Amino acid sequence: MTKIAVLGGGQIGEALVSGLVSAGYDAEDIVVTNRRSERGEELHGAYGVTVTSDNAQAIEGAEYIFACVKPYAIVELLDGLDISQDAVVVSMAAGLTLDTLEKAAGDGVSVVRVMPNTPMLVGKGMCTCAGGQHVSEEQLGGVVKLLEAVGEVAVIDEKHIDAATALAGSAPAYYFLVTEALIDAGVQLGLTRDVAEKLATRTAQGAGTMMTESGKDPVALRAGVTSPGGTTAAALRELEESGIRGAFFRAAEACAQRAQELG
């Protein structure tokens, strides 16, 4: 039996709960908090978890406490709780450093900082996490196991968290934007929007699966599609001459810098 408290029943909180229940964790051992009673009823009805609006009640006896609220609310949330040193606090918010989180959680409390991403909602998340000074290997391993219910997990040093935010936490939006642009390009070429959307989104899904399951790196996969002097080569030349690599370099740098500022 693993008692888990999920403080915040928004998108990330619900994605975590859904994954945990699907992975076989007992819903009766999961407590979810939310300010709105209607939302609590939705979560209880969908997953069978215990719901409450009382964070202090939710963490009683909890081994893992997932803080799934917005970054601006994390410190106030943790400051207001009497957290046992037997529990592990897991922050799912961007920007906030382990030092800040540990001070808010209380002396000696084990804290893990996680950068999630929204594909958690479909069980394809890519979470990165870094453990604080009080976290044991066993506790960190327990957090990783729980997060694996919603996707893949990478344990990294905290100094790399902002870079990980740029490559995973915020990156789904980049892929959505690229797909949106392809759809608009298809419409400009004469396709109906529904056909353009199907072509672009299914291709994105297939390309992602190839990158994760083929055993080949993106360079080899790109080369495999690019015949000498062909249509793909012509398209890639336009993208390169338009500065696509530089645009992504600058975007990643801006994301990492903003994450650092939030901390």
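In the predicted model, the protein is divided into two parts, namely domain 1, which spans residues 4-158, and domain 2, which spans residues 170-262. The centres of domain 1 and domain 2, taken over C-alpha atoms, are separated by 32 Å.

Over residues 158-262 the chain is 82% helix and 0% strand, and here the end C-alpha atoms are 15 Å apart.

Eight strands form an open sheet, in which the order is 3-2-1-4-5-6-7-8 and the pairing is mixed. At the edges of this sheet stand strand 3 (50-52) and strand 8 (151-155), each of which pairs on one side only, while the twist from one strand to the next averages 25°. Within the sheet, strand 6 (residues 110-115) and strand 7 (residues 125-131) run antiparallel and are joined by four bridges; in one of the pairings between residues, Val112 has Gly131 of strand 7 as its bridge partner.

A packed pair of helices was also described. In general, two packed helices are characterised by the angle between their axes together with the distance between those axes. For helix 4 (residues 71-79) and helix 5 (residues 98-105), the axes come within 7 Å and cross at roughly 30°. Because angles under 35 degrees count as roughly parallel, helix 4 and helix 5 are therefore described as roughly parallel to each other. On the side of helix 4 the contact is made by Ile74, Val75, Leu78 and Asp79, and on the side of helix 5 by Thr100, Leu101, Lys103, Ala104 and Ala105. When these residues are sorted by class, the contact of helix 4 with helix 5 has six nonpolar, one polar and two charged residues.

Notes:
Residues are numbered from 1 along each chain as its sequence is written. This is a predicted model: local features need pLDDT of at least 70, side-chain atom pairs count only at pLDDT 80 or more; totals for chains, interfaces and linings use all residues. Side-chain values use heavy atoms; hydrogens and water are left out. Helices (H or I, at least four residues) and strands (E, at least two) are DSSP runs, numbered from the N terminus. Axes are lines fitted to C-alpha atoms, for helices over the stretch in contact, and angles run from 0 to 180 degrees between N-to-C directions. Angles under 35 degrees count as roughly parallel, over 145 as roughly antiparallel, 65 to 115 as roughly perpendicular and the rest as oblique. Contact means heavy atoms within 4.5 Å. Ala, Val, Leu, Ile, Met, Phe, Trp, Tyr, Cys and Pro count as nonpolar, Asp, Glu, Lys and Arg as charged, and the others, Gly among them, as polar. Domain bounds come from an automatic or database domain assignment. Two strands pair if DSSP finds at least two bridges between them.
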